[in-house]
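Hello,

Here is the structure for your files. My notes follow below it.

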Amino acid sequence: MHDEKTLRQHNVTRDEYALIQSLIGREPNLTELGIFSAMWSEHCSYKSSKVYLKQLPTRAKNVVQGPGENAGIIDIGDGQVIVFKIESHNHPSFIEPFQGAATGVGGILRDIFTMGARPIALMDSLRFGPLDNARNRSVMEGVVSGISSYGNSIGVPTVGGEVVFDECYALNPLVNVFCLGLADRDKLFFAKTEAVGNAVLYVGSKTGRDGIHGASMASQEFGEDVEVKRPNVQVGDPFKEKLLLEACLEVMDRRIIVGIQDMGAAGLTCSTTEMPAKSGQGVDIDLDKVPQREKGMTPYEILLSESQERMLIACRPDQVEAVKAAFAKWDLDAVEIGKVSGDGQLKCRFHGELVVDIPVNAVVDLCPAYHRPWEAPAKGNAAAAGVAEPADLGAAMKALLSSPTIANKEWVYRQYDHMVLVNTMVLPGAGAAVLRIKGSRKGLAMTLDGSGLYAQLDPRAGGRIAVAEACRNLACVGARPIGVTNCLNFGNPEKPGVMGQFKEAVEGMSEACRAFEIAVTGGNVSFYNETEGVPIFPTPVLGIVGLVEDVDTVVGPGFKDEGDTIILVGETRDELGGTEYLKVVHGVEDGLPPGLDLKRERAAQELVLDAIEAGWVKSAHDPSDGGLAVCAAECAFHAEGGLGCEIDLDAVGPAERTDARLFGESQSRILITATRENAVLINGAAAERGVPACVVGKVGGDAIRFKRRGETVIDVPVAAARDWWMSAIPSYFKK
């Protein structure tokens, strides 16, 4: 009988321990307890979240693989599929920023190529504490460096993402990594062992003591002992991963394996239980044959190590030598460590002794699902948005453009190689990236969007808005959404308030995904993002992929030509709650998020998509953080030569307040430009569909001007505004 201290160390409750005993028919030894601890951790089992995740739509005609595998798969026609997923590496990145972020990239890449797809692009959603704090700057520098080091070294472009700053992330930064891969539909592989007698091969790097209990560590709150957890963080080698990627794709292409899985969270334990469980089989493993880089490793350490760049492969006995030869060509270990058995057990021997003998389905499928108590989350105070309008609206605009959340992120993405593979059409800095599909007129768009403060003020609204904004980002480049992955970052689920936030956010996401008729193919839940009892904002992050039928129709955010007409699709209302304006200019993080009518949102996006496909649109950008004023400024900054604009605020919608017209974040809006003739066609199409749309100004000049009631309320040179926007983040790292 293991004592309470041992159970606490393994994050196993007394009730869970009793269930383990009943499932295996005896007391587990320490190694077996460690296996259950890792696989039944929140990170691996989703035991607190799966009762709600079932509400998400996961089926559609184009879905080849939904949740349950290493990554989701969507059919894009012409015999091709995309493989994509998002993962978090939040806890490791706070403890050891460089390696935490780097191994997050390595892990998500393996999730993609283990399915038979070649990774073609990465994106990152990053959240840090304010940059006036040296610790936050250090974490950010380490994370960005870790991402760039791994992605650049392996040769996969990082094509965009988002970076947000708020005090709630100071002790719990978020590092969510999204990867997209491309494959032929008839060359996909899955995590399975198939027939009894098949060989089980360990391939890739050797096993060390790094990362032990990484999955369990990611399923706990942090306290004052953060530094003690540093050994739980893995150490990555991107050059080894590049070899592993090429070797794995080679044996897949040659069809000399039957199944494959990454040794990710929980390491060898994960793959040696999940693969046979999916095939209704067991495996016999000889731990002495596992390649080890450190002497004296115990069975516990070998099975629970999360050393990077490792895979488990199943193949027919007559394929073993061919697999070994293929990996030897890439200078990688490929060692037969066991066989597939028919008894449904994971059996591990060490020095001739049977040290593990447990049913794989108990480990993989029988972890209890918790219906944890939840409380309806408190909503923001609507009256908080009733602040006085500033006397100097130009100064307010400068403050917003200088806010790190809004400011240019070149300091981040210039460290990434975003052009390797030369498929990138729309570069970092736009709402979505666009990639060519070689040999086709089609293109793939990808975007990341998350709502933290909105979800804090109203979790259901935050979930809905995160989906809508991500789809809007795709619409602005001319892509229709085809699939969703999500990373749900929340506090401690054992607290009813946090569980209520999670429940509401998932319900909001589900409503929005159904409205857009897109399926969720998988994702990640990251709980316990709190330190010393202080949680982050509930932060659902959505990674959505879109399809462009003809890449020649793609548009970007930048103004194109002097004299072009500016049209605002949608309306601006008096909605300031949860805005960056309220936070930056008035120091208020409160209010109610803007309203969202999902039917109106989709209609607005469909109008813009059809107009882009018809060739009527020259540029498109959505007013999100900072509202219409920041949106127009960013369109000017992305224009060649820095074209300015003049916008009549009287035309933008029913809002009474001038600051709401400038900086409010009303949903379902897209700012587009067109020739005068095409503007007439766009407005006609909008009227036919009942979508609000109005000419609000024109492109031209060297300044950004806004007028209301005939008077100029903001008049700033494009060059000056761009300097505020460009210099904000670098200024913190010159100190």
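Buried means under 20% relative accessible area, exposed over 50%, and partly exposed in between, with a 1.4 Å probe and protein chains only. This is a predicted model, in which local features need pLDDT of at least 70 and side-chain atom pairs count only at pLDDT 80 or more, while totals for chains, interfaces and linings use all residues. Residues are numbered from 1 along each chain as its sequence is written, and side-chain values use heavy atoms, without hydrogens and water.

Helix 19 first. Of its 21 residues, 16 are buried, so helix 19 is largely enclosed by the rest of the structure. Glu517 follows the helix, with a positive phi near 55°.

Lys503 lies over the face of Trp374, 4.2 Å from the ring centre. (The rule: NZ of Lys or CZ of Arg within 6 Å of the ring centre and within 35 degrees of the ring normal.)

Now the aromatics. Rings of Phe, Tyr and Trp (its six-membered ring) pair if their centres lie within 6.5 Å; planes under 30 degrees apart are stacked, over 60 edge-to-face, the rest tilted. The count comes to 11 aromatic pairs. One of them, Phe490 with Phe502, is edge-to-face, at 5.1 Å centre to centre and 75° between the planes. Phe490 sits in the loop between strand 17 (480-489) and helix 19, and Phe502 in helix 19, so the pair ties together parts 12 residues apart in sequence. Phe490 is buried, at 0% relative accessible area. Phe502 is buried too, also at 0%.

Tyr581 and Phe663 are stacked: 5.0 Å centre to centre, 20° between the planes. Tyr581 is in helix 20 (residues 580-586) and Phe663 in helix 23 (residues 658-663), so this pair ties together parts 82 residues apart in sequence. Tyr581 is buried, with a relative accessible area of 0%. Phe663 is buried, again with 0%.

Ring pairs also link Tyr52, Phe490, Phe502 and Phe527 into a cluster.

Best wishes

How values were computed
Helices (H or I, at least four residues) and strands (E, at least two) are DSSP runs, numbered from the N terminus.
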